[in-house]
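Here is a short report on one protein chain. Take a look at the sequence and the model before reading on.

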Amino acid sequence: MDAIYIAAPEGTTWPLAGQDIERLLEARFPDVRIQHKYAPVSRANYTDFEMTVDGEVRHGSYFDHRHLILRDGTPELWADDIVWFLGLLPPGTPAVAMVESNPDTIPAIPPAATVHEIRELLDGLLADV
């Protein structure tokens, strides 16, 4: 399964820091396990997390103000959580998507995208591989 990236477009940032996302993840996923880390190459703080979704352990990372990475799941599994996450951002905040196996295609996510639209966008990225 490809990692799914949801990111602020190049040259922009998001208002969510690690401590914000930690609190929000704990409210959404009561069993979430969180670690705060630092990536020396990109000089970025990030929040690594894992939780049980659909009976399996799933992993993700949130790089402060920059991007969300979701692993161990399909677009169908993660679409609802992506819509939830984007809903945490101020209305109109731009976001783009990418999958690990198709790093050259980075489409914008439509404002107020639905679960269905997110799933179609990600499925399309995977189909282009």
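Leaving aside its neighbours within four places in sequence, which residues is aspartate 64 in contact with? The model is a predicted one, and in it aspartate 64 touches Leu16, Ala17, Gly18, Asn45, Tyr46 and Thr47.

**Aspartate 64**

Is aspartate 64 buried or exposed? Aspartate 64 is buried, yet it has no salt bridge. A salt bridge needs a side-chain nitrogen of Lys or Arg within 4 Å of a carboxyl oxygen of Asp or Glu. The nearest side chain of opposite charge belongs to arginine 66, and it is 8.9 Å away.

**The whole chain**

The protein chain has 3 helices and 6 strands. Along the sequence they follow the pattern β-α-β-β-β-β-α-β-α. The radius of gyration is 14 Å, close to the 14 Å that the globule rule gives for 129 residues, so the chain is as compact as a globular protein of that length. Its C-alpha atoms fill a box of roughly 35 × 35 × 30 Å along the principal axes.

Contacts tell part of the story too. Take the contacts with a separation of 6 or more: 51% of them join residues 24 or more positions apart. Of the 129 residues, 43% are buried.

What about the surface and the charges? The accessible surface is about 7,000 Å², and carbon and sulfur atoms hold 52% of it. The chain carries 9 positive and 21 negative side chains. The centres of these two sets lie 6 Å apart.

Most residues other than glycine have a negative phi. Which value does phi take at aspartate 72? Aspartate 72 has a positive phi of about 65°, although it is not a glycine. Alanine 112 also has a positive phi, near 55°, and is likewise a residue other than glycine.

Both residues lie in loops. The table sets out their places and values.

| Residue | Phi | Loop between | Relative accessibility |
|---|---|---|---|
| Aspartate 72 | about 65° | S5 and helix H2 (75-88) | 29% |

Exposed means over 50% relative accessible area, and buried means under 20%. Aspartate 72, at 29%, counts as partly exposed.

Methods. Residues are numbered from 1 along each chain as its sequence is written. This is a predicted model: local features need pLDDT of at least 70, side-chain atom pairs count only at pLDDT 80 or more; totals for chains, interfaces and linings use all residues. Side-chain values use heavy atoms; hydrogens and water are left out. Helices (H or I, at least four residues) and strands (E, at least two) are DSSP runs, numbered from the N terminus. The radius of gyration is taken over C-alpha atoms; the globule rule is 2.2 Å times the number of residues to the power 0.38. Buried means under 20% relative accessible area, exposed over 50%, partly exposed in between (1.4 Å probe, protein chains only). Contact means heavy atoms within 4.5 Å. Accessible areas come from the Shrake-Rupley method with a 1.4 Å probe; for residues, only the protein chains shown count as cover. Lys and Arg count as positive and Asp and Glu as negative; His and the chain ends are not counted. The place of a charge is taken as NZ of Lys, CZ of Arg, CG of Asp or CD of Glu.
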